[in-house]
Amino acid sequence: MALGVGVAVKEPRTRAEWQEAVDQAEFYLVLDSARQYGLITGGPEVNVDRCEEILKHGSNLGFQPSPDAIERCAKVLCV
């Protein structure tokens, strides 16, 4: 699964993997939105369709982005 170009994540299988995938998808969509609004520049190219697919499928399985998903992913991915 690639959410951003050069960012490959294996297909989620466990509950923990699904939660992480949903959190990362949310982060990348927020990153892409911030770039489109001109709030940031640079960063990875975001696969918006894949992120939306993960969020939809995750939601069907009962997963929602964690309240701290953006902050956690930013700390890990934007260091």
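Predicted model: local features only at pLDDT ≥ 70, side-chain atom pairs only at ≥ 80, totals over all residues.

I began with R72, which is partly exposed at a relative accessible area of 30%.

I looked for the partners of R72. One is E20, with the closest N and O atoms 3.7 Å apart. That falls within the 4 Å cut-off, so I kept the pair as a salt bridge. I noted that E20 sits in helix α1 and R72 in helix α3, 52 residues apart, and that the pair links distant parts of the chain. E20 is partly exposed, its relative accessible area being 32%.

The other partner I checked was D23. Its salt bridge with R72 has the closest N and O atoms 2.3 Å apart. D23 belongs to helix α1 and R72 to helix α3, so this pair ties together parts 49 residues apart in sequence. Is D23 buried or exposed? I found a relative accessibility of 1%, under the 20% limit, so D23 counts as buried.

I then went to helix α2, where R50 and E53 both lie, 3 residues apart, about one turn of the helix. They form a salt bridge, and the closest N and O atoms are 2.4 Å apart. I looked up both accessibilities: R50 is buried at 15%, whereas E53 is partly exposed at 46%.

For the whole structure I recorded 6 salt bridges.

I turned to the rings. How many aromatic pairs are there? I counted 2.

In the pair of W18 and F63, the ring centres are 6.5 Å apart and the planes stand at 20 degrees. I checked the burial of each: W18 is buried with a relative accessible area of 11%, and F63 counts as buried at 7% relative accessibility.

The other pair is F27 with Y28, 5.3 Å centre to centre and with 75 degrees between the planes. I logged this pair as edge-to-face, because the angle is over 60 degrees. F27 and Y28 are both buried.

Terms used. Residues numbered from 1 in each chain as written. Heavy atoms only, no water. Phe/Tyr/Trp six-rings, centres within 6.5 Å; stacked < 30°, edge-to-face > 60°. Buried < 20%, exposed > 50% of the residue type's maximum accessible area, 1.4 Å probe, protein only. Salt bridge = Lys/Arg side-chain N within 4 Å of Asp/Glu carboxyl O. Helix = DSSP H or I, 4+ residues; strand = E, 2+ residues; numbered from the N terminus.
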